[in-house]
Amino acid sequence: MNYSQAEIKRRRKELTSVSRKMKYRVEEWITYGSVILLVTLLLMLIFGMAGAVRGMIDSTPDLAEIDILARGNASTLYDSTGQEIQTLNTDDIIQEYVSAKEIPKCVQQAFVAIEDKRFYEHHGVDMQGLIHSIYSNVTGEGRKYADSANTITQRLVQNQIFGGTGGNNFFENFCLAVQKQHLATQLEDHLDKSKILEYYLNTINLGSNIVGVQAAARRYFDKNITDVNFSEAAVLAAIAEDPSEYSPITNQEKNGRRRRNVLKNMLEEEYISEDEYEQALGDDVYLRVMNVDSSNVNSGNKTNSYYADAVVEQVMQDLKRELGYSQTEAYNALYYSGLRIFTCQESSLQKICDDVVNSDRYYPTTVRSYLSYHLKIVKDGREQEFSEVDIKNYFLEKEDKNISLYFKKTSKAKEYVRKFRKAMLGDGGLIVTEDIQLVKQPQASFVLLEQSTGKVKAIAGGRGQKAANLEINRATEWKRQPGSVLAMLSTYAPALDTAGITLGDVQDDAVYRGTGLESAVWSRQDSGYDGLVTLRNAISGSKSIPAVKTLQDISVQTGYDFLKKFGFTTIVERKENAEGNVYSDLQLKLALGELNEGVTNLQLTAAYAALANGGVYQKPRFYTKIIDKDGNVLLENNVSSRRIVKKNTAWLLTDAMKDVMEEGRGKAAAFRQIETEAAGNYAVTAENTDFWFEGYTPYYTAGIWSGADESTSQSESDYYMVLWREIMERVHRKTKKIKQAFKKPESIVRRRICSKCGNLAVHGLCDEAEGGNTVYQEYFALGTEPVKNCTCHVKYAFCRKSEGLAGEACPKDDVYYRILLQKQETAETADTKNTVAHNIGKDTCSVHTR
């Protein structure tokens, strides 16, 4: 540093200069001005937000003018031509209002414990929940998490006043949140907690067209809500989050997990004791749920079609996924918001499906109906309930008669019912409810898809009278074992598309022992083994062992991954049940369609539609758009597609499946009255339990399933293929699409190959082989065709005198030639008698010597 006298004077002069002082003042003015401006802007923002919030509050409906239990207008469904086909209204809903005094404490506490722990502490708005809601919207997580922070009061306001409508962006959601919180606080000013909870528990959607806890108790436990215990209360509270996801009928495992959470929360909140908690956990509540006959709680009004049920399910799911609605919000929007829903259904094609599926003439003459029965009586002041099983046991015990519950004549079934009813009533018994249904067996389901758009044109969810709304739909929800019809998707599609395998490649149809972890022996009982077969022949003949071997070659994981791409959501990678047992579909049985949970007809048909559509999967659509009561588009169901396999792969598999219908077991499905080309595949599962046919034309893809609801065995028959053919012929005649072929891609080539090795056929060798000509024409994707000549046939000279190999001394007139198969047999097959090892010994001719 410079501390000289001159430097000190210079610095002092600089600090006291006018320019330096002016600079400091300007900087101070800028700082003060910035602070004032910032404060002003902040105040403007605060007052602006306050004004905006005030405006939002002012635009909120007046609580004094609102009936919290009022319902809105019905929603309407239209077909693809704009014609009205179904009105959804409150006539279809099962609801019974009960007061808070009739709802036991355990039910009230169960809902509070899982949905709003601080319900009795806050005044309609939970500040923790509010902060979480704002954070969720800012971070883009939106209503997915914000809704979980809503109080019961806010949920009631949302469901009953706003009708389930929600915002599509941050500002709209913020406005809705402000209005909802304002009304929630107002509601808390006007009503006590007990009344709010009463309203909520009477208006919440609990699945299967059931609204309120009383109707739910009747549906799931066949009792009044007053008689519900802790375990059952937890089941009901578990449903509320999402009645589809946590249904105690179709998703017992998920409901069970959430039920345990409900009970745990009740224990933590000291609503139940440790002993009550343990007792509830040990209760086999789901056995009682499954034993309740849903028909005894049906409203008795008209039922929707299976197609309308499917539309309702898809709309509900899309409202939740696309717009962030809760289950109850989606339900209210669907039933009370006056929506117009434009479906993909073609009414004329739907009528064809219904007429054929419900016509007994297409089913075996041995068709019978299953007796489904429910009786509730009051006798000596006590309620008693009986089912068809009780009828069977009664006649076994009283008359030593083991009756079947399948009847060819309804009069016989009714006779048994009359005798049983009389015996149960005795003297003084009174009937409370009685329901008799004779469900035709075998049952069937049918799905008709337009593969180019993914539009579901028609479905049949069963045959016979439909008993109730939103019950099991055999077309869209019923999970059954698919059998070998799955092999096309799990095995052959990935093999051709990713592994360089062709339809001309061969597998040995013989007893097979798997490798590695899957070392089981694979065999079949139905017939002998064919030996070396091409994949085309394995497909047309539905041969199981070549399918298993092919899946082993490409890996089970590859097959599983392809099924996921094809839209199958019910296959299991790894799952652990309540007993701790782990199960998985990652096994070679995937090639045979032997699954843990099965698949639905809709899933299978949509997957086959991807092959029909050149390898492009279109997500199945039941509707195209939804218009709200003001004419605005609420939701559009646009095409959602993805490529699964190459166009070449799809065409090759289609060509192979043409053989199934022209030369294989699927001949019964081949068209008789139209010239449109068709391809398809069939399956018959173990013990003839399930019959399948999945097939398509250049226009439509259709799948049929048939079997007994109770999964009993059927007599072998092709009736299901005849049903498929009859519907598809009528559909194509109706739409005037009676002559069209599948278009072959330009990159497909054709070669003459040997069916025993898959290589190029050799004239004079393969066409003269022992066992018959093995030459045929096969298609290949360009670049995958074989380039080597046949390697499996060998020409040998034999002597007629000794029938052994000809030697040098054998006269030419005694020498003849045989073309044998060069193959090492591991088990006896149709090839065995034509192999070199079987026909040639070590010695040459012993008759002619030098």
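1. Of the 850 residues of the chain, 53% are buried, where buried denotes under 20% relative accessible area, exposed over 50%, and partly exposed in between, computed with a 1.4 Å probe on protein chains only. The model is a predicted one, in which local features need pLDDT of at least 70 and side-chain atom pairs count only at pLDDT 80 or more, while totals for chains, interfaces and linings use all residues. Residues are numbered from 1 along each chain as its sequence is written, and side-chain values use heavy atoms, with hydrogens and water left out.

2. The secondary structure of the chain amounts to 26 helices and 28 strands. Both are DSSP runs numbered from the N terminus: helices are H or I with at least four residues, strands E with at least two. Among contacts between residues at least 6 apart in sequence, 72% join residues at least 24 apart; a contact means heavy atoms within 4.5 Å.

3. Helix α6 (residues 152-160) and helix α15 (residues 327-336) have axes that come within 9 Å and cross at roughly 20°. The α6 helix is therefore roughly parallel to α15. Axes here are lines fitted to C-alpha atoms, for helices over the stretch in contact, and angles run from 0 to 180 degrees between N-to-C directions. Angles under 35 degrees count as roughly parallel, over 145 as roughly antiparallel, 65 to 115 as roughly perpendicular, and the rest as oblique. The crossing of α6 past α15 is right-handed, a label given when the near helix is turned clockwise from the far one by less than a right angle, with anticlockwise giving left-handed.

4. On the α6 side, Gln158, Asn159 and Gln160 make this contact, and on the α15 side Thr328, Glu329 and Asn332. The contact of α6 with α15 comprises no nonpolar, five polar and one charged residues. In this classification Ala, Val, Leu, Ile, Met, Phe, Trp, Tyr, Cys and Pro are nonpolar, Asp, Glu, Lys and Arg are charged, and the others, Gly among them, are polar. Nine of the nine residues of α6 are buried, so the helix is largely enclosed by the rest of the structure. The buried residues of α6 include Arg155 as well as Ile152, Leu156 and Val157.

5. The crossing of α9 and α10 is right-handed. Val213, Ala216, Tyr220 and Phe221 of α9 meet Glu232, Val235, Leu236 and Ile239 of α10. By class, the contact of α9 with α10 has seven nonpolar, no polar and one charged residues.

6. On cysteines, a search of the whole structure finds zero disulfides, a disulfide being a pair of cysteine sulfur atoms within 2.5 Å. Cysteine 799 is in no disulfide, and the nearest cysteine sulfur, that of cysteine 845, is 3.7 Å away. For cysteine 845, the closest cysteine sulfur is in cysteine 810 at 3.6 Å, which is too far for a bond. Cysteine 799 is buried, with a relative accessible area of 0%, and cysteine 845 is buried as well, at 8% relative accessibility.

7. A cis peptide bond joins glutamine 441 and proline 442, with omega about 5°. Proline 442 belongs to the loop between β9 (430-441) and β10 (443-450).

8. Glutamate 270 is in the loop between α11 (252-268) and α12 (274-281), and with 71% relative accessibility it counts as exposed. Aspartate 400 is in the loop between α17 (388-398) and β8 (406-407); at 68% relative accessibility, aspartate 400 is likewise exposed.

9. Arginine 752 is part of strand β25 (residues 748-754) and counts as partly exposed at 40% relative accessibility. Leaving aside residues up to four places away in sequence, arginine 752 touches Leu760, Ala761, Val775, Tyr776 and Gln777. The C-alpha atoms of arginine 752 and valine 775 are separated by 6.5 Å, although the two residues are 23 apart along the chain.
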